[in-house]
Amino acid sequence: MLARLNTKIPPALLLVFAGLLLAMLPNNNLVSEDRLWLTNVIALLLGALALVIIVVAVIGFRRQQTTIDPRDPRQTTHLINQGIFAYSRNPIYLAFVLLIIAFGLLMNSVWLFIVTPAFTAYLTLWQIIPEEQALKQLFGKAYDDYSQQVRRWL
């Protein structure tokens with residue numbers, strides 16, 4: 001019997017925490033002032049891409065009439081494997097990583113090279129792997145086939 005996931009920190013809250021951490025850490029400039037405009041443009045493009053990915057993924061959840069809430073796999077009614085989910089099993093989490101990178105670039109912080117991998121590792125271990133185990137229980141071979149065809153991140 002499936003139960004609620006025992007995640008330590010919900011993914012959206014973890015994203016906020018990572019952003020706050022980047023904002024609070026001492027500013028060690030990633031690039032010089034004369035190149036700051038370029039990193040800001042890249043950051044804005046990455047942020048926009050992340051938001052598009054989130055919107056497209058949410059539309060995919062809505063079309064299949066299944067839950068977007070990752071905490072309770074019992075509410076999952078469909079395995080989504082088309083649209084953006086044909087390229088990433090976790091497009092919203094991928095978008096969260098892009099948002100952290102974008103924010104780190106806007107902050108001009110070298111800390112993004114520590115915060116981003118830490119965020120990704122934590123999310124993988126404490127959220128994605130338990131979700132995958134729950135989806136395997138729910139959908140069996142269909143999920144196995146899907147996970148063989150589509151990568152976890154991209």
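Me: How do α1 and α4 run, roughly parallel or roughly antiparallel to each other?

Reply: α1 and α4 are roughly antiparallel to each other. This is a predicted model, so keep that in mind throughout. Two packed helices are described by the angle between their axes and the distance between the axes. Here, helix α1 covers residues 11-24 and helix α4 covers residues 112-139. Their angle is about 165°, and their axes lie 10 Å apart. Angles over 145 degrees count as roughly antiparallel.

Me: In which hand does α1 pass α4?

Reply: The crossing is right-handed.

Me: Which residues make the contact between α1 and α4?

Reply: From α1 come Pro11, Leu14, Leu15, Ala18, Leu21 and Leu22. From α4 come Leu112, Val115, Phe119, Tyr122, Leu123 and Gln127. Sorted by class, this contact of α1 with α4 holds 11 nonpolar residues, 1 polar and no charged ones.

Me: Now α3 and α4. At what angle do they pack?

Reply: α3 and α4 pack at about 165°, with axes 10 Å apart. They are therefore roughly antiparallel to each other. Their crossing is right-handed.

Me: Which residues of α3 meet α4?

Reply: On α3 they are Tyr93, Phe96, Val97, Ile100, Ile101, Gly104 and Leu105. On α4 they meet Leu112, Val115, Thr116, Phe119, Thr120, Leu123, Gln127, Ile128 and Glu131. By class, the contact of α3 with α4 has 11 nonpolar, 4 polar and 1 charged residues.

Me: On to the rings. How many aromatic pairs does a search of the whole structure find?

Reply: It finds 4 aromatic pairs. To read a pair, check the ring centres and then the angle between the planes. Take Phe61 and Phe85, whose ring centres are 5.3 Å apart. Their planes stand at 80°, so the pair is edge-to-face.

Me: Where do Phe61 and Phe85 lie?

Reply: Phe61 belongs to helix α2, residues 36-63. Phe85 sits in the loop between α2 and α3, with α3 spanning 91-106. The pair therefore ties together parts that are 24 residues apart in sequence.

Me: Phe61 and Phe85, buried or exposed?

Reply: Phe61 is buried, and so is Phe85.

Me: How are the rings of Tyr122 and Trp126 set?

Reply: The centres are 6.4 Å apart and the planes are at 40°, so this pair is tilted. Both residues lie in helix α4, 4 residues apart, or about one turn of the helix. Tyr122 has 23%, so it is partly exposed. Trp126 has 41%, so it is partly exposed.

Me: Where does Gln65 lie?

Reply: Gln65 is in the loop between α2 and α3. Its relative accessible area is 68%, so Gln65 is exposed.

Me: And Asn108, buried or exposed?

Reply: Asn108 has 5% relative accessibility, so it counts as buried. Asn108 is found in the loop between α3 and α4.

How values were computed: Residues are numbered from 1 along each chain as its sequence is written. This is a predicted model: local features need pLDDT of at least 70, side-chain atom pairs count only at pLDDT 80 or more; totals for chains, interfaces and linings use all residues. Side-chain values use heavy atoms; hydrogens and water are left out. Axes are lines fitted to C-alpha atoms, for helices over the stretch in contact, and angles run from 0 to 180 degrees between N-to-C directions. Helices (H or I, at least four residues) and strands (E, at least two) are DSSP runs, numbered from the N terminus. Angles under 35 degrees count as roughly parallel, over 145 as roughly antiparallel, 65 to 115 as roughly perpendicular and the rest as oblique. A crossing is left-handed if the near helix is turned anticlockwise from the far one by less than a right angle, and right-handed if clockwise. Contact means heavy atoms within 4.5 Å. Ala, Val, Leu, Ile, Met, Phe, Trp, Tyr, Cys and Pro count as nonpolar, Asp, Glu, Lys and Arg as charged, and the others, Gly among them, as polar. Rings of Phe, Tyr and Trp (its six-membered ring) pair if their centres lie within 6.5 Å; planes under 30 degrees apart count as stacked, over 60 as edge-to-face and the rest as tilted. Buried means under 20% relative accessible area, exposed over 50%, partly exposed in between (1.4 Å probe, protein chains only).
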